[in-house]
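Dear colleague,

Here is the structure I promised to pass on. Please look it over; my notes follow below it.

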Amino acid sequence: EMKMNSTSAILEGFGYSEEEALREFALLHASQKYAEFALEDEFFQKKYGIPFSEFEKNINSTDEERFEMEDDYLAWKFAYEGMEYCKKQLESLKNIQ
């Protein structure tokens, strides 16, 4: 017998199964993370006037050390890859019934 104040009972009261609630939570979390990464990606696109893929080609084609650009590259790469990861997770979650 379930207690009335259990998480499952509360979720049922809102019309969610545990599985549906987990899916909704994962969707919200992945959407939020995607938005955070996308903001950072947009910041760097505006700063350099090019998309990440072009910036990456440029930075890898020179031996010249530019510390700010190297730091930006690492931060931008993290944001870009995070965005791509979240996009894949969102697509997977949306296909779960």
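What radius of gyration does the chain have, and what would a compact globule of 97 residues have? The chain has 20 Å, whereas a compact globule of that length would be near 13 Å. Bear in mind throughout that this is a predicted model.

Overall shape

The C-alpha trace spans about 70 × 25 × 20 Å along its principal axes. Four helices and zero strands make up the secondary structure, and the order from the N terminus is α-α-α-α. Of the 97 residues, 24% count as buried. Among contacts with a separation of 6 or more, 59% are between residues 24 or more positions apart.

The N-terminal helix

Helix α1 covers residues 7-13, and Thr7 is found in it. Is Thr7 buried or exposed? Thr7 has a relative accessible area of 60%, and exposed means over 50%, so Thr7 is exposed. Glu18 is 11 residues from Thr7 along the chain, and the C-alpha atoms of the two are separated by 8.7 Å.

Helices α2 and α4

The axes of α2 and α4 come within 8 Å and cross at roughly 150°. The crossing of α2 past α4 is left-handed. Sorted by class, the residues in this contact are 18 nonpolar, three polar and nine charged.

Phe37 is a residue to look at in α2, the helix that runs over residues 18-48. Its relative accessible area is 15%, and the cut-off for buried is under 20%, so Phe37 is buried. What does Phe37 touch, not counting residues up to four places away in sequence? The list is Phe78, Ala79, Gly82, Met83 and Cys86. For a sense of distance along the chain, Leu22 lies 15 residues from Phe37, with 22 Å between their C-alpha atoms.

Helices α3 and α4

Helix α3 takes in residues 52-60 and helix α4 residues 67-95; their axes come within 11 Å and cross at roughly 145°. This crossing, too, is left-handed. On the α3 side the contact is made by Phe52, Phe55, Glu56, Ile59 and Asn60. On the α4 side the residues are Met69, Glu70, Tyr73, Trp76, Lys77 and Tyr80. By class that gives seven nonpolar, one polar and three charged residues.

Tyr73 is one of the α4 residues in this contact. Leaving aside neighbours within four places in sequence, Tyr73 is in contact with Phe52, Phe55, Glu56, Ile59 and Asn60. Those are the residues that α3 brings to the contact with α4.

The nonpolar core

Which residues form the largest nonpolar core? There are seven: Phe44, Ile50, Phe52, Phe55, Ile59, Tyr73 and Trp76. Both α3 and α4 supply at least two residues of this core. The largest share, three residues, comes from α3. Phe52, Phe55, Ile59, Tyr73 and Trp76 belong to this core and are also listed in the contact of α3 with α4.

One is Phe37 in α2, with its contacts to residues including Phe78 and Met83. Another is Tyr73, in contact with residues including Phe52 and Ile59.

Regards

Technical notes:
Residues numbered from 1 in each chain as written. Predicted model: local features only at pLDDT ≥ 70, side-chain atom pairs only at ≥ 80, totals over all residues. Heavy atoms only, no water. Axes fitted to C-alpha atoms, helices over the stretch in contact; angles between N-to-C directions. Left-handed = near helix turned anticlockwise from the far one by under 90°. Contact = heavy atoms within 4.5 Å. Nonpolar A, V, L, I, M, F, W, Y, C, P; charged D, E, K, R; others polar. Buried < 20%, exposed > 50% of the residue type's maximum accessible area, 1.4 Å probe, protein only. Core = buried A, V, L, I, M, F, W, Y, C linked by side-chain atoms within 4.5 Å. Rg over C-alpha atoms; globule rule 2.2 N^0.38 Å.
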